[in-house]
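Thanks for coming, everyone. Let me put the structure up, and then we will walk through a few residues, some helix packing and the voids.

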Amino acid sequence: MKLKGLRWWVVGLVALAAVVNYIDRQAFGALWPDIAKDLFPEMDKDGHKAIYGTISTVFILSYAGGQALFGKIFDWIGTRLGFALSIGVWSIATIFHALAQGLLSFSIFRSILGIAEAGNWPGAAKANAEWFPTKERALAQGIFNSGAALGGIVAYPIIGLLSIYFAWKAIFIVVGTLGLLWLIPWLYIVKSGPKTHPWLTDNEKKYILSGQLNQDLDEDSNYDDGYNPSNSELFKRKESWGVIIASAAIDPIWWLFIVWIPIYLSEVFGMNVKEIAFSAWVPYVGAMIGAWFGGLLAQKKLNLGWTVDKTRKYVITLGCLIMIPCFILLKFPGAPKVLVVFGVEESAAITMADPQVKKIMDNEAFKDLKTDKSFIESVAGKSIDEIKSNSEFKTVYETAAWKLPKADASKEERLLPKYGPPSESGIAALGSLSEINKARNTAALIAIVIMAILLFGFQTVIGNVQTLPSDMYSGKIVGTLSGFAGMAAKLGAAGLTILVTFITTGGNYTPAFLIGGALTIIALLAVWILCPKIEPLKPINQ
C-alpha cells in the first residue's frame, strides 16, 4: 500500500495533536473563575490571581524542563514513540485535574501536564526536519502552529458549552480523553520515519530526502547524516545562541496571552466564564491566519529564488513590526477619545472608568444583573433613590461583598476609593447602565481585535524562528537544540507569568504590554546579530 502525500498526513496529525494540546491546556484558564469560587471562596480577585499565577508558573517551569527532556527523548526513541509517550501522559494528567483540591494538588497535576505537553514542540520540529525538504519547512511549521491557534479558538467555546452541562471536574475528564483517542490514528499511520516507511512512494521519498540540503555536507547529491555536533560544540556556535535567545524573548509573548487573556477580560472588562468562552477565542483566529501567512510567505519567497537567510529575516522582521505597535495600542482600548470614534458617548466612557462604578461592574454579585435587560430598562434614567428602592438591586446589593482594607491599614489607606461599598455617585450611574455596558463591550472588542492582530504577527514570526534549527543543523541535533531553545523560552515565560501577577495589581496591564514590546525587539536583534547568515552550517574546523 502506498499513500500519496504521506508527509501531509503526518503534519496534519501533529497539528491535530496541537489542537488537543491547547484544549487541555486552556481548560484551566477558562474554568478558573469557577474553580476559584469553588476552592478559594474566601479570597478576593488579587488573591485568586496570585494562586492562578503560581499554578501557571509551576506549569510553565515544568514545561521548560520537559522541553529539554523531550528534545533528547525524541532523539533517542524517535518521532513515533516520542509523540505517543508525550500525549499519553499529558492526557492522563488532564483527567487527574478532576481530583485537585487546592494549590498543591493543582500544582502537581499541572506540573505533570507541563512536562508531558512540552514534547509537542521539539517533536514537531523533529517531524518537520524528518518529513519535509527545506523549502516546505516554514509552511509545515505554520500548519503545526495553526493547530495550536485552532486549539485556542475551539477550546474556549467547547469549554463554555460543556460548562452549561457539566461541573469543572467533569470537563477535565472529557477533554483529557481526547488525547487518548488521538493515539489510535497516530500509531496506525506513522509506522516509521520517511527512510523506511512502507506507505511512502519512491517519488515522495526522493523529494523529501533530496530537499534536505543541510544533510548533504559533502555535496555529492546523496543523503547523509549531516552536521551533527556534540552539545559542547553546539553551544560554541553563536547561531545556536541566536536561536535560543530569540526563542526565549519571543515565546513568552504567546504565554502572556494564553495565560492571562481570560483573567484580563474578567478583571478589566468584568466578563464571566461564558462571556470569556465566547470572546477569548477571537485572538487565536489572528494567530491561525498568521501561522499560515508566515509559512506561505516564506515558501513563496524561497520559490522565487530568495535565499533561506533573506527569507527568514524578511518574514521575522515583518511579523515583529506588526507586533510592536499593537503592544502600544493595547493601552488605549478604554480611552474616551478612542471609544467616541466607535460610536460610544464620551460621558459613558468616562463613567465606565469611574472607580465607584467599577466597584459595581466588577463585583461578582452583579455579574448577571448588570447585563439583565429587564433590570437595565427598569433603572434607565432613574434617580439614585429610585435605583436604591429597586427590589432586584436591593437583593443583590445586600449579598455583595466589598473589598475591605486589612486590619492594620493606615487611616489614609482606608480612605482609598477601592475599599468599601460604592458611593452614591457610583449607584446613580446605573441609570445609564446601557451606555456603560456599550462602552465596556466596545472597549473589550477593540482590545480583542488588537490582540488578534498582535498574535497574527507573533505566529508569522514564530513559525520561522522555530525552523532555524533545521535550517542550520541536521535532523539528529534539531530536536536537542529545539528542546534547549524551548526550555529557555519557557523559563522566560515563567518569569513573565509570575511578574504579571505583581505588576498588574488593580487591573493595570500596561506594564505587561510594554515588556512584551521590549521582548519583541530583543528577539529581532538576536536573529539579525547572532545569525548573520542562516544556512546549513559545517563543523567549526572546516
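Start with S62: at 12% relative accessibility, S62 counts as buried. Buried here means under 20% relative accessible area, exposed means over 50%, and partly exposed is in between, with a 1.4 Å probe and protein chains only. A word on the source: this is a predicted model, local features need pLDDT of at least 70, side-chain atom pairs count only at pLDDT 80 or more, and totals for chains, interfaces and linings use all residues. Residues are numbered from 1 along each chain as its sequence is written, and side-chain values use heavy atoms, with hydrogens and water left out.

Back to S62. This residue is in helix 2. Helices are DSSP runs of H or I with at least four residues, strands are runs of E with at least two, and numbering goes from the N terminus. S62 touches S111, G114 and I115, leaving out residues up to four places away in sequence. Contact means heavy atoms within 4.5 Å. For a sense of span, take S62 and T395: they are 333 residues apart along the chain, and their C-alpha atoms are separated by 46 Å.

Next, N120. Is N120 buried or exposed? N120 is buried, with a relative accessible area of 0%. It lies in helix 4, residues 120-131. Again not counting residues up to four places away in sequence, N120 touches A17, A18, N21, F83, S86, W90 and F144.

**Helix packing**

N120 also leads us to a helix pair. Two packed helices are described by the angle between their axes and the distance between the axes. Axes are lines fitted to C-alpha atoms, for helices over the stretch in contact, and angles run from 0 to 180 degrees between N-to-C directions.

Helix 1 and helix 4 have axes that come within 11 Å and cross at roughly 170 degrees. That makes the two roughly antiparallel. The cut-offs: under 35 degrees is roughly parallel, over 145 roughly antiparallel, 65 to 115 roughly perpendicular, and the rest oblique. On the helix 1 side, the contact uses L6, R7, V10, V14, A17, A18, N21, Y22 and R25. On the helix 4 side, it uses N120, W121, A124, A127 and W131. By class, that contact has 10 nonpolar, two polar and two charged residues. Ala, Val, Leu, Ile, Met, Phe, Trp, Tyr, Cys and Pro count as nonpolar, Asp, Glu, Lys and Arg as charged, and the others, Gly among them, as polar.

**Pockets and cavities**

Now the voids. On a 1 Å grid over the protein atoms alone, a cavity is a set of points where a 1.4 Å probe fits but cannot get out; a pocket is an open set with protein on both sides within 12 Å along at least five of seven lines; lining residues have an atom within 4 Å of a point. Grid points are joined across faces, edges and corners, and a volume is the space filled by probe spheres set on the points.

How many cavities of 30 Å³ or more are there? Four. By class, the lining of the largest cavity has 15 nonpolar, eight polar and three charged residues.

The second largest cavity has a volume of about 100 Å³. It is lined by 13 residues, with R25, Y52, R110, I258 and V259 nearest its centre. Helix 1, helix 2 and helix 9 each give two or more residues to that lining.

On to the open sites. The largest pocket has a volume of about 1,400 Å³. It is lined by 43 residues, and D44, K45, D362, N363 and E364 lie nearest its centre. Which helix gives the largest share of this lining? Helix 1, with five residues. By class, the lining of the largest pocket has 15 nonpolar, 10 polar and 18 charged residues.

Last one: the second largest pocket, at about 490 Å³. Of its 21 lining residues, V268, G334, K358, G507 and N508 are the closest to its centre. Helix 9 provides the largest share, four residues.
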